[in-house]
Every structure is written in C-alpha cells, then in structure tokens.
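Subject: Structure handover

Hello,

Please find the structure below. My notes on it follow.

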Amino acid sequence: AVVGLVAIIGGVAAGSVFAQAGRGAAPAPAARAAGAAPELRQVLYDAADVIGMLRTPEEVDRLASMNYWATGTMVSGGRPCKVVDYKASVNWLLNGMRIDYTCEGSPQRHVEVVKDGLAWNEAEPGKGASAAPAGAAAERALWLWTLPAGAIKAANRAGAAAKVAVQNGKVTLSFPLSAPTATMTVTFTKDSFIEQVETRVGAVT
C-alpha cells in the first residue's frame with residue numbers, strides 16, 4: 001500500500017485520444033442502455049481525468065514521471081520481503097523505472113532497474129551496475145504498466161485493440177501489451193478509479 005508523498009513531474013505524452021472526449025461528452029451510465037459498455041475514448045478520458053493526468057486547456061496527458069514511497073510486503077529473490085524505505089521512480093517517456101528498498105531484518109540494499117526491455121541491478125542509484133537475473137526485464141517492465149497511470153497510458157497506446165466491456169456491473173478495459181507480451185484487464189469503480197489491474201502472461205496471471 002502506498003503511504004507516502006507522491007511527487008509528479010510534468011511532461012507531454014503524445015498521441016492521446018483524451019481530447020476527443022471530455023466532461024459530459026458521453027451519457028451517464030444510467031442513460032445508456034442497460035448493460036451497454038461506454039465508448040473507449042470516454043473510459044480513457046474519465047480514468048485519466050479522475051487521477052489528474054490531464055493538463056492544459058486541451059486536456060492532454062502531461063504526466064511523464066513520478067516518485068512514490070510505499071510500505072508492505074513483496075517478493076524479493078523468491079522470498080517474502082517486508083519492505084523498509086521503499087522508493088520507486090518512474091519515467092514513462094523513457095520507459096524506465098527504478099525501485100530502491102531494503103527488507104526488514106536485512107542490511108542489504110536492493111536497487112532494481114528496467115528500461116526499454118533491459119534490466120540491471122545497482123549498488124546504489126546510478127552506481128555499481130550488475131547483471132539482473134534472467135527474465136527480470138519482462139517482469140520489471142510490468143512495473144511501469146500496472147500502476148494506475150501506466151495502465152491508462154498502455155490502454156491508450158493499444159488504440160483500437162483496447163476493448164471495453166461491462167462485467168458484473170463494472171466497466172472493464174482489456175488490451176494487449178507489446179513489451180512484455182501480455183494481456184491486461186483493468187476494472188473500474190463507478191467513479192472511474194481503477195479498482196484492479198490483472199495481467200496475464202501466457203497462462204500465468
């Protein structure tokens with residue numbers, strides 16, 4: 001669970017369809033036919049708007065990078081790790097991400113990086129690079145796209161391949177990822193916040 005300060009740095013993400021939709025551009029859920037899915041462009045617009053991704057009068061995606069801090073438990077080296085001093089830095093323009101953390105009860109610092117299909121570890125941020133385990137690049141690339149803003153960006157990149165549906169009364173959005181090769185399904189709340197992100201790589205979810 002994220003519990004710390006989130007710092008956002010602006011930048012331009014080109015090619016969005018957000019400006020094609022807008023506030024009030026589509027009928028409210030109650031006005032649509034019962035069970036009918038909303039339009040793709042409106043789903044993308046609402047999801048981006050509700051978390052503050054859209055800026056300028058043209059309402060373009062200006063979220064290029066962010067830092068966040070977190071607590072909780074993750075898997076590190078195949079073992080559960082209750083994280084201490086976890087910080088992540090994301091840059092969607094560079095398709096890169098760095099996480100920096102230690103596990104409770106261990107003095108070892110973990111700095112794990114991914115960029116454009118490449119992955120490596122560092123002794124400290126930007127220094128002491130070493131090889132990452134096999135398969136780390138594909139696994140870490142998912143870090144970028146399973147964050148709420150990352151999932152919205154990935155759906156927008158998928159274009160017409162993104163499909164909107166209504167399942168159990170909730171709007172869902174499914175689309176392919178190209179790097180890594182996977183399928184992502186996003187479930188939204190009634191207020192357009194992302195409730196769940198599910199990623200399937202082959203037969204693994």
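Helices here are DSSP runs of type H or I with at least four residues, strands are runs of type E with at least two, and both are numbered from the N terminus. With that in hand, helix H1 is followed by Gly52, whose phi is positive, near 80°. Please keep in mind throughout that this is a predicted model.

Helix H1

H1 covers residues 40-50, and its buried residues are Gln42, Val43, Leu44, Tyr45, Ala47 and Ala48. What covers them? The cover includes strand S2 (54-55), helix H3 (148-158) and the strands S11 (163-167), S12 (170-177) and S13 (182-188). H1 lies across S11, S12 and S13, and runs at about 95° to S12.

The open sheet

S11, S12 and S13 also belong to an open sheet of 4 strands, with the order S11-S12-S13-S14 and antiparallel pairing. Which strands stand at the edges? They are S11 and S14 (194-200); each has a single partner strand, so one side of each is left without a neighbour in the sheet. From one strand to the next, the twist averages 25°.

S13 and S14 pair in the antiparallel sense over 6 bridges. Within that pairing, Phe188 stands opposite Ile194 in S14. Helix H2 lies across S12, S13 and S14, running at about 155° to S14.

The nonpolar core

The largest nonpolar core has 42 residues, and those that touch the most other members are Tyr68, Trp92, Met97 and Phe175. Several elements give two or more residues to this core: the helices H1, H2 (136-146) and H3, and the strands S4 (63-70), S6 (79-91), S7 (96-103), S12 and S13. Which element gives the most? That is H3, with 6 residues.

Aromatic pairs

A search of the whole structure finds 2 aromatic pairs. In one of them, Tyr68 and Tyr86 are 6.2 Å apart from centre to centre, with 35° between the planes, and the pair is tilted. Tyr68 is in strand S4 and Tyr86 is in strand S6, 18 residues apart, and the pair links distant parts of the chain. Are these two tyrosines buried or exposed? Tyr68 is buried, and so is Tyr86. Together with Tyr101, Tyr68 and Tyr86 form one aromatic cluster.

The hairpin and its neighbour

Strand S8 (residues 109-115) and strand S9 (residues 118-122) pair in the antiparallel sense over 5 bridges. In this pairing, Val111 stands opposite Glu122 in S9. S8 and S9 form a hairpin with 2 residues between them, and Asp116 in the turn has a positive phi of about 50°.

S9 also pairs with strand S10 (residues 130-131), again in the antiparallel sense, over 2 bridges. There, the bridge partner of Trp120 is Ala131 in S10.

Salt bridges

How many salt bridges does a search of the whole structure find? It finds 7. Three of them are described here.

Lys153 forms a salt bridge with Asp61, and the closest N and O atoms are 2.6 Å apart. Lys153 lies in helix H3 and Asp61 in strand S3 (residues 60-61), so the pair ties together parts that are 92 residues apart in sequence. Lys153 is buried, and so is Asp61.

Arg98 forms a salt bridge with Glu122, with the closest N and O atoms 3.0 Å apart. Arg98 lies in strand S7 and Glu122 in strand S9, so this pair ties together parts that are 24 residues apart in sequence. Buried means under 20% relative accessible area. At 8%, Glu122 therefore counts as buried, whereas Arg98, at 26%, is partly exposed.

Lys115 forms a salt bridge with Asp116, the closest N and O atoms being 3.0 Å apart. Asp116 is in the turn of the hairpin. Lys115 has a relative accessibility of 32% and counts as partly exposed. Asp116, at 48%, also counts as partly exposed, because the exposed class begins over 50%.

Regards

Terms used
Residues numbered from 1 in each chain as written. Predicted model: local features only at pLDDT ≥ 70, side-chain atom pairs only at ≥ 80, totals over all residues. Heavy atoms only, no water. Pairing = 2+ DSSP bridges. Buried < 20%, exposed > 50% of the residue type's maximum accessible area, 1.4 Å probe, protein only. Contact = heavy atoms within 4.5 Å. Core = buried A, V, L, I, M, F, W, Y, C linked by side-chain atoms within 4.5 Å. Phe/Tyr/Trp six-rings, centres within 6.5 Å; stacked < 30°, edge-to-face > 60°. Axes fitted to C-alpha atoms, helices over the stretch in contact; angles between N-to-C directions. Salt bridge = Lys/Arg side-chain N within 4 Å of Asp/Glu carboxyl O.
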